[in-house]
Amino acid sequence: MSTQNREVRVRFAPSPTGPLHIGGVRTALYNYLFARQHGGKMILRIEDTDSQRFVPGAEDYINEALAWLGIGIDEGVREGGPYGPYKQSERRDIYREHVKMLLDAGKAYIAFDTPAELEAKRAEIPNFQYDASTRMSMRNSLSMQAEEVQALIDAGNQYVVRFKIEPGRDVEVHDMLRGLVTIKSDILDDKVLYKSADDLPTYHLANIVDDHLMKISHVIRGEEWLPSAPLHVLLYEAFGWADTAPEFVHLPLLLKPDGKGKLSKRDGDRLGFPVFPLEWHDPKSGETSRGYRESGYLPQAVVNFLALLGWNPGDDTEVMGIDELIAKFSFDHCSRSGAKFAFDKGKWFNHTYLQNIPDAELAELFKPVLKAHEIDPAAFSDSYIAAAAGMVKSRINFVSDLWDNARFFFAAPTEYDPKAVKKRWSAEMPAIMTALAELLAAEPSFVSAELEPRVLAWIEQNGYHLGNVMNAFRLAVVGECKGPHMFDITELIGKDETIARIKAAVERIQPAE
């Protein structure tokens with residue numbers, strides 16, 4: 001159905017069974033981009049019907065992750081909305097009503113087969129499938145008298161409700177990405193829609209009922225759900241909702257960076273990158289898994305990176321803010337094949353976004369890093385922290401890299417790079433550095449552009465080797481022979497600190513033999 005003929009309403013429907021995988025984040029992002037492009041609504045529905053796999057804290061994690069990434073939710077458990085509840089465990093009465101509708105219409109039936117009986121049947125019949133060819137040999141309401149069925153229910157026997165799929169049908173699934181997909185109904189089994197044991201529906205029934213009642217126009221989900229699409233088409237027909245069924249889009253998988261197969265947490269652990277948006281503390285195992293946020297990624301960089309895993313804007317543009325992504329997004333430019341998770345490209349995006357972030361904002365991100373290294377940010381002005389971060393940001397991929405590149409702005413060196421000492425700190429260097437400290441003490445200005453030519457002129461006038469003196473100067477102030485422009489460093493840390501560091505180096509460093 002065309003997006004011009006109905007309001008675009010999409011849903012992201014994760015299960016609270018653990019942290020949100022980065023593949024799920026991409027699915028949520030594509031839903032969001034599509035909805036915003038068409039002026040539609042983004043719904044967050046929590047699919048918690050599998051009570052055995054529920055993990056405390058997972059729902060809050062999902063909400064926090066989407067909020068951090070800027071994926072706005074219009075209707076959901078927290079936001080409310082006209083079609084709630086938005087948590088499936090709170091919709092039991094709705095599902096019971098719809099199960100009864102299918103049973104009354106003869107579209108579904110009750111089955112009492114125990115797990116042991118099903119296992120015995122699988123052992124008896126190779127490739128056993130509960131369908132039209134086998135259902136009459138099983139214990140269900142199609143093969144039993146109505147009185148017997150009711151007696152078993154009254155006695156408290158557990159049962160399931162199965163969807164009755166008729167053979168000999170060509171089931172057509174219209175997919176906006178993959179075109180027309182046709183499946184023979186003969187290969188489909190009579191899926192379980194409801195279990196009396198926990199009085200909850202399975203994914204298949206709950207999904208269809210909720211999508212219909214919440215007026216979902218497009219179901220955008222991973223390709224792993226493509227095999228279930230024919231069943232969902234048949235369920236829409238069984239309920240008489242075929243005319244309002246949503247359009248399907250089954251997105252390609254995110255693949256391992258190397259080798260074959262779906263991206264997993266194990267791949268991230270092996271290759272050193274996160275596969276979750278936020279850090280996750282498993283309440284059962286106590287294990288902590290890395291997150292993009294805690295690893296120093298900017299949310300806008302993660303969004304840009306993920307958007308291009310399986311989609312392109314139709315040109316060579318790579319760096320795009322959320323508004324540009326919304327404007328350009330189209331399933332016409334989505335790949336049907338899986339996208340390799342090029343995590344190094346994610347680092348590149350983060351580096352690029354860090355270069356464009358204002359220094360004042362970067363300083364705020366740097367403050368927690370300083371605290372983690374026992375530096376009190378309050379001991380420095382915001383402008384000082386911003387200037388220090390701005391001087392080194394061209395060298396970093398992550399906010400956490402700021403410490404290794406800028407720590408000398410906040411703490412004088414107590415150790416000195418041995419290789420630099422051996423190469424640059426000759427026997428005459430302590431005397432030269434002492435003379436340099438005296439020169440600096442007499443300088444009226446420590447502004448980089450004014451101080452630099454005077455120091456360079458002094459070096460030349462005394463016949464010193466420029467490289468040796470300047471590198472020894474840097475070694476004394478920084479602790480190693482690297483960093484931004486030397487006179488920009490001294491301007492920021494100031495005259496007194498610069499001279500104090502030179503004097504400390506003269507006392508501490510033993511000249512190379």
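**Entry 1: a tyrosine and its ring partner**

I began with Y159, which counts as buried because its relative accessibility is 19%, buried meaning under 20% relative accessible area, exposed over 50% and partly exposed in between, with a 1.4 Å probe and protein chains only. I kept in mind that this is a predicted model, in which local features need pLDDT of at least 70 and side-chain atom pairs count only at pLDDT 80 or more, while totals for chains, interfaces and linings use all residues. I also noted that residues are numbered from 1 along each chain as its sequence is written, and that side-chain values use heavy atoms, with hydrogens and water left out.

Y194 is buried as well, at a relative accessible area of 8%. I then looked up how many aromatic pairs the structure holds, and the count is 25; rings of Phe, Tyr and Trp (its six-membered ring) pair if their centres lie within 6.5 Å, and planes under 30 degrees apart count as stacked, over 60 as edge-to-face and the rest as tilted. One of them joins Y30 and F329, whose ring centres are 5.1 Å apart with planes at 50°, so this pair is tilted. Y30 belongs to helix α1 (residues 22–37) and F329 to the loop between α10 (322–328) and β14 (339–340), so the contact ties together parts 299 residues apart in sequence. Helices (H or I, at least four residues) and strands (E, at least two) are DSSP runs, numbered from the N terminus. Both Y30 and F329 are buried.

Y159 and Y194 form a tilted pair too, with 6.4 Å from centre to centre and 45° between the planes. Y159 lies in the loop between α5 (146–154) and β4 (160–163), and Y194 in strand β7 (residues 192–195), so parts 35 residues apart in sequence are tied together.

**Entry 2: the sheet around β7**

Which order do the strands of the open four-stranded sheet take? I read it as β3-β4-β7-β8, with antiparallel pairing, where two strands pair if DSSP finds at least two bridges between them. At the edges stand β3 (108–111) and β8, each with a single partner strand, so one side of each has no neighbour in the sheet.

Going across, I found four bridges between β3 and β4, with A111 opposite V160 in β4. Three bridges join β4 and β7, and R162 stands opposite V192 in β7. The charged end of R162 also sits over the ring of Y130, 3.8 Å from its centre, a term that requires NZ of Lys or CZ of Arg within 6 Å of the ring centre and within 35 degrees of the ring normal. Two bridges link β7 to β8 (residues 200–201), where L200 is the bridge partner of K195. The hairpin of β7 and β8 has four residues between the strands, and D199 there takes a positive phi near 55°.

**Entry 3: a ring cluster**

I next followed the ring pairs that link F273, F305, F341, F343, W348 and F349 into a cluster. K345 lies over the face of W348, one of these rings, at 4.3 Å from the ring centre.
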